[in-house]
Amino acid sequence: MKVVLVNGSRREKGCTFTALEVISKTLNERGVETQIFHVGEKAVNGEMNEVVKEVADAIKGADGFIVGSPVYYASPSGEVVAFLDRLFGVAEADLRFKPAAAIASARRAGTTATLDVLNKYFLYNQMPVVSSRYWSMVHGNKPEEVLQDKEGVQIMETIGKNMAWLLKSIEAGKAAGVPQPEAEQKVFTNFIR
Ligand SMILES: Cc1cc2nc3c(=O)[nH]c(=O)nc-3n(C[C@H](O)[C@H](O)[C@H](O)COP(=O)(O)O)c2cc1C
C-alpha cells in the first residue's frame, strides 16, 4: 500500500514539508509506504512537464494521494494550482476512487480558503476525501514553529491514521468482493447546446 504526497511550496524543507512528514511517519507506522515529491519550485522553473510525469507515474502504483500547500495571499501557492491543473488533466483516471487529503500551512490566515481550492480537485474526480479532527492546517513560518503547533501536529497525525484506516478498509472490501464503481461515460453539456 502506498501514498504519494506532494509538497506545493517553493521551500523544499519548509513548513508544508514538515507537516507532510508527520503524516508520512504516521502512515509508515501503520505499514503504508510513502513518497514525497517536491513540486513547488519545479512547477515554475521550466520543469513542469517532468514533475507532472514523475508524479503521474508514481500515482499509477499508489493507493492514496495527499497534497500540501503553503498559504500565499489567502490561497494555495500558484505553483501547486498550476501543477494540479496539469496533473488532473493527465492522471485523472489513475487518481479516480483513490482516497485523498489536502493540507495547508500558514503563518496566520487563509487556510480554509486554500483547503477549499485544493479539495475541489478531489471532489471533481470521485476521490474519497480523508478528513481530520479539525480543518487540515498547521501554523508557522518556520518548520520548528509547525512542530510547536501541537494541535496542528495532531491534526496531521489524525489524517495519517484515517488515511491508513480507509486504505485498509478498501483493500478488505476488494478482498470481500465489493467492486469499485465503474467509471461511466461522462455527459458534457456547456449550457449553449
Ligand atoms: C508569497 C507569500 C504569501 C503569503 N501569504 C500568506 C497569507 O495570506 N496568510 C498567511 O497566513 N501566511 C502567508 N504566507 C506565509 C506562509 O503561508 C507560511 O509561512 C507557510 O507556513 C510557509 O510554508 P512553507 O515553509 O512550506 O513555504 C505567505 C508567504 C509567502 C511567501
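**Ligand shell**

I sorted the shell around the ligand by class first: 8 residues are nonpolar, 7 polar and 3 charged. I counted Ala, Val, Leu, Ile, Met, Phe, Trp, Tyr, Cys and Pro as nonpolar, Asp, Glu, Lys and Arg as charged, and the others, Gly among them, as polar. This is a predicted model, where local features need pLDDT of at least 70, side-chain atom pairs count only at pLDDT 80 or more, and totals for chains, interfaces and linings use all residues. Residues are numbered from 1 along each chain as its sequence is written.

Which residues come nearest to the ligand? Of the 18 around it, they are S9, G14, C15, T16 and P70. A residue is near if its C-beta atom, placed from the backbone, lies within 6 Å of the molecule. Two or more shell residues come from each of α1 (15-29), β3 (64-72) and β5 (100-106). β3 gives the most, with 3 residues.

**Chain layout**

I found 6 helices and 6 strands in the chain. Helices (H or I, at least four residues) and strands (E, at least two) are DSSP runs, numbered from the N terminus. Along the sequence I read β-α-β-α-β-β-α-β-α-β-α-α.

I looked up the size next. The C-alpha trace spans about 45 × 45 × 30 Å along its principal axes. The radius of gyration of the chain is 16 Å, which agrees with the value near 16 Å for a compact globule of 193 residues. It is taken over C-alpha atoms, and the globule rule is 2.2 Å times the number of residues to the power 0.38.

**α1 and α6**

I turned to α1 again. α1 and α6 (residues 150-175) pack at an angle of about 40°, with axes 8 Å apart. Axes are lines fitted to C-alpha atoms, for helices over the stretch in contact, and angles run from 0 to 180 degrees between N-to-C directions. That makes α1 oblique to α6 (under 35 degrees is roughly parallel, over 145 roughly antiparallel, 65 to 115 roughly perpendicular, the rest oblique). On the α1 side, A19, V22, I23, T26 and L27 make the contact (C-beta atoms, placed from the backbone, within 7 Å). Among the α6 partners are V153, M156 and E157. By class, I noted 9 nonpolar, 2 polar and 2 charged residues in the contact of α1 with α6.

**α2 and α3**

How far apart are the axes of α2 (residues 48-60) and α3 (residues 78-95)? They are 10 Å apart, at an angle of about 25°. That makes α2 roughly parallel to α3. The contact includes M48, V51 and V52 of α2 and F83, R86 and L87 of α3. I noted 11 nonpolar, no polar and 3 charged residues in the contact of α2 with α3.

Note on methods: Two residues are in contact if their C-beta atoms, placed from the backbone, lie within 7 Å.
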